[in-house]
Amino acid sequence: MKDLRNDPIKITVLGCGCIGKLWLSSLASTKHFVQGWTKEKIHKTLKFKIKSIDGRKHHISVPINNRRKLRESHLLIVTLKAWQVSKEISKVICDLNDHCILLLIHNGMGVLEELPKKIKQPIIEGNTTHASHYQNDYVKHVAWGETCIGPANRKAKKFPMIASTLNQIFPKVIWCKNIRFFNWKKLAINCSINPLSSIYRCQNGKLLKLATHQINRICQEVSSIMKREGFSEIDARSLFRSTIDVIDSTSKNFSSMYQDLLNRKKSEIDYINGYVIKRAKHFQIKVPENELLFSQIKKLEKKSEQSSR
């Protein structure tokens, strides 16, 4: 068994968008072997440019799509959109060794239920608050955040040390035994910020003037679901405060959903408000605010799709 805390390990990053490239750029300067995995298999090298928070510019070059290295990987970091995860993992799962750890970092919830049943590997899930976007030819790292990760199946419980390894590479990474609680809390915040910023077409901070009453109602709905899920320690008031704090600390940022719609891409609404609606139906709880936001984003998606034809 590889010593994940001290030994060099082989890492493949599946999903080379903004967050994936931040991980690749951080990994490229370490003792670990790293490669990217992309849809286009004709290329052997991925070249991209990063603009760090302090304004420095970095030119990065990493190997990609080496199937032998994929088979040898100790860790597969998946940084895809939620709706892409299951499909893309299905394409590579047969090439992964049984001990390769799958680390899934994405917005929303509901992906685990979609994964292929034949997965034998340890699965770690997580979420991140690092903020980035494309600016001209660069991936701009807008704000430092933290990445919470934790076990999604029994095998993954043996690997809390992976958090300390990753924390040395791209901090801050925290191991959370009850990762589902942290995912729900992040989901609750995203249920307000992502769709509302997309509907109002604004930076996060503008929501403090435009939508605080709506945010409060959304938090009430999500907290009622969380209580039925077994998380009675959190209430609507604390969710509201957490959401306002995040809006304030990311006031100049554009949400990932707003960026997706702006770039005529599919959003993750099915895994954010859509997941809340799904669980609400299971518990027979009404969530009209989440349903309204869901339908509004779906209309924007359809409009965006039609305009791109």
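I counted salt bridges between domain 1 and domain 2 and found one. The pair is Lys 81 with Asp 260, and the closest N and O atoms are 3.0 Å apart. For this I took a salt bridge as a side-chain nitrogen of Lys or Arg within 4 Å of a carboxyl oxygen of Asp or Glu.

A reminder to myself: this is a predicted model, where local features need pLDDT of at least 70 and side-chain atom pairs count only at pLDDT 80 or more, while totals for chains, interfaces and linings use all residues. Residues are numbered from 1 along each chain as its sequence is written, and side-chain values use heavy atoms, with hydrogens and water left out.

**The two domains**

I noted the bounds next: domain 1 covers 10-177 and domain 2 covers 181-303. These bounds come from an automatic or database domain assignment. Their C-alpha centres lie 25 Å apart.

Trp 83, Asn 107 and Met 109 supply 42% of what domain 1 buries against domain 2, more than any other three residues.

**The histidine**

I then turned to His 130, which I found in the loop between β7 (123-128) and β8 (131-135). Strands are DSSP runs of E, at least two residues, numbered from the N terminus.

Is His 130 buried or exposed? His 130 counts as buried because its relative accessibility is 6%; the cut-offs are under 20% for buried and over 50% for exposed, with partly exposed in between (1.4 Å probe, protein chains only).

Leaving out residues up to four places away in sequence, I see His 130 touching Ile 19, His 141 and Trp 144, among others. Pro 171 is also one of the residues it touches; the C-alpha atoms of His 130 and Pro 171 are separated by 9.7 Å, and the two are 41 residues apart along the chain.

Last entry: the side chain of His 130 reaches the backbone nitrogen of Gly 145 at 3.3 Å.

Methods: Helices (H or I, at least four residues) and strands (E, at least two) are DSSP runs, numbered from the N terminus. Contact means heavy atoms within 4.5 Å. A polar contact is a pair of N or O atoms within 3.5 Å; within protein, one must be able to donate a hydrogen and the other to accept it, and residues adjacent in sequence count only if both atoms are side-chain atoms. Buried area is the accessible area (1.4 Å probe) that two parts lose on being put together, summed over both.
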